[in-house]
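Please read them with the structure open.

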Amino acid sequence: MISSKVTDLIGNTPVLRISVPHKKSALFLKMEKNNPGGSMKDRMARNMVIAGLKSGKIKPKSTIIESSSGNTGIGLALAAIEFDLHFIAVVDHHAAPDKISIMKALGADIRYVTGDYQEDEVAVVERQRLASELASQLPNATFLNQSDNAANSGGYAALVCELIEQIGKIDAYVGCVGTGGSITGISQGLKAHNPQTITVAVEPEGSIIFGNPGKPYYQSGTGTPKGDTVGLVLDYSCIDHNAQVSDCQAFETTRFLANKYGLLVGGSTGGIVYKALEYINTDILSGNVVVIVVDGGEKYLNTIFNEQWLSARNLISEEISHQLNRWLTNTIPLEQAN
């Protein structure tokens, strides 16, 4: 198929399969890193813009503003090009520099929040405050507010249809949870097709979504930090299990997938793969288990794929690496799903 614009390339991403030895299970990895902006957020970013234009909230040739750790911002930059809009991304020091560079390359206007924050502290509250302030000050500007925007979760309807067509019966879905848009949209869609599908929401250790105490964390684009409020788009009722994953578990898994399978994924994907394998090997999950490759590891080569960076932050663990080897001993190579 020949497309006429880059956003036509969003979706229809491939699926890779990993067999889990000694268990009647397999992991199915939906390769959302193959979207043109490099992440699953391309889908919901474009959907928010389309919904805003249809409702009249976004005016033609106006300005859209969003707080982002990077992936949503990249998706919005692409949508802004398609619909001839000006895009301002409000970011903090926690965003991967490569993501910011991509947004700039796509014509986004980058605004940094100010303040004294720790390296592993996410400044979401200040980002959202600044985004809202800019929208009130600038003419014809709209703060999309993805955490409370219903078009966020609605942006994943096509992804659900693709999963069902590609895999067939889906016994479980393990996904990361941040704003709540993807876990809600995908879980609701899968359960509408098969009410027996088990859903697991994974947040970083330090995130407050499920009532745990907050603390800083390095995982990017996932979780809700201390001091922030959980987004209105999150539907707790469609989640069967919730889990926390440490930075070390997430990042060791990303390195394991790269070294053993040649697959570069981001830290949040490493976290959900780790928890999916843990739940399979403790018999909480079985059958066809789906995880989303949220984005690619190419954006994190200087951080989570850099041993010096990891070592300086005590984020290397041979024990976790050995555990992953035990879980996947004698596994067959990744293969394309039918």
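This is a predicted model: local features need pLDDT of at least 70, side-chain atom pairs count only at pLDDT 80 or more; totals for chains, interfaces and linings use all residues.

1. Strand E1 (residues 15-20) and strand E2 (residues 25-30) run antiparallel, and six bridges join them. For context, most residues other than glycine have a negative phi.

2. The four-stranded sheet. In what order do the strands of the open sheet run? The order is E5-E4-E3-E6, and the pairing is parallel. Strand E5 (109-112) and strand E6 (141-143) are the edge strands, each pairing on one side only. Neighbouring strands of this sheet are turned against each other by 25° on average, direction ignored.

3. Strand E3 (residues 63-67) runs parallel to strand E4 (residues 86-91), with five bridges joining them. In general, strands of a sheet pair through backbone hydrogen bonds, either parallel or antiparallel.

4. Asp-84 lies in the loop between helix H2 (71-82) and E4. Asp-84 is not a glycine, yet has a positive phi of about 55°. Is Asp-84 buried, exposed or partly exposed? Its relative accessible area is 43%, so Asp-84 is partly exposed.

5. Asn-314 sits in the loop between helix H10 (307-312) and H11. Asn-314 also has a positive phi, of about 55°, although it is not a glycine. Asn-314 has 65% relative accessibility and therefore counts as exposed.

6. H6 against H7. The axes of helix H6 (residues 157-167) and helix H7 (residues 181-193) come within 9 Å. They cross at roughly 45°, so H6 and H7 are oblique to each other. The crossing is right-handed. On the H6 side, the contact residues are Leu-159, Val-160 and Ile-164. They meet Gly-185, Ile-186, Gly-189, Leu-190 and His-193 in H7.

7. Lys-191 is in helix H7. Is Lys-191 buried or exposed? Its relative accessibility is 18%, so Lys-191 counts as buried; the cut-off for buried is under 20%. What does Lys-191 touch, leaving aside neighbours within four places in sequence? Lys-191 is in contact with Thr-197, Thr-199, Cys-238 and Asp-240.

8. H8 against H9. The axes of helix H8 (residues 247-261) and H9 come within 7 Å and cross at roughly 95°. H8 and H9 are therefore roughly perpendicular to each other. The H8 residues in this contact include Phe-251 and Leu-257. Among the residues they meet in H9 are Gly-267, Gly-270 and Gly-271. Tyr-274 in H9 is also part of this contact, and comes up again in point 11.

9. Aromatic pairs: the edge-to-face case. The model has five aromatic pairs. One of them joins Phe-256 and Tyr-261, with 6.2 Å centre to centre and 65° between the planes. That pair is edge-to-face. Phe-256 has 6% relative accessibility, so Phe-256 counts as buried. Tyr-261 is buried too, with a relative accessible area of 17%.

10. Aromatic pairs: the tilted case. The ring centres of Tyr-274 and Trp-327 are 5.2 Å apart, and their planes stand at 55°, so this pair is tilted. The pair links distant parts of the chain. Tyr-274 belongs to helix H9 (residues 267-281) and Trp-327 to helix H11 (residues 318-327), 53 residues apart. Tyr-274 is buried, at 6% relative accessibility. Trp-327 is buried as well, with a relative accessible area of 9%.

11. An aromatic cluster. Which residues form one aromatic cluster? They are Tyr-218, Phe-251 and Trp-309. Phe-251 is also one of the H8 residues that meet H9.

Key: Residues are numbered from 1 along each chain as its sequence is written. Side-chain values use heavy atoms; hydrogens and water are left out. Two strands pair if DSSP finds at least two bridges between them. Helices (H or I, at least four residues) and strands (E, at least two) are DSSP runs, numbered from the N terminus. Rings of Phe, Tyr and Trp (its six-membered ring) pair if their centres lie within 6.5 Å; planes under 30 degrees apart count as stacked, over 60 as edge-to-face and the rest as tilted. Buried means under 20% relative accessible area, exposed over 50%, partly exposed in between (1.4 Å probe, protein chains only). Axes are lines fitted to C-alpha atoms, for helices over the stretch in contact, and angles run from 0 to 180 degrees between N-to-C directions. Angles under 35 degrees count as roughly parallel, over 145 as roughly antiparallel, 65 to 115 as roughly perpendicular and the rest as oblique. A crossing is left-handed if the near helix is turned anticlockwise from the far one by less than a right angle, and right-handed if clockwise. Contact means heavy atoms within 4.5 Å.
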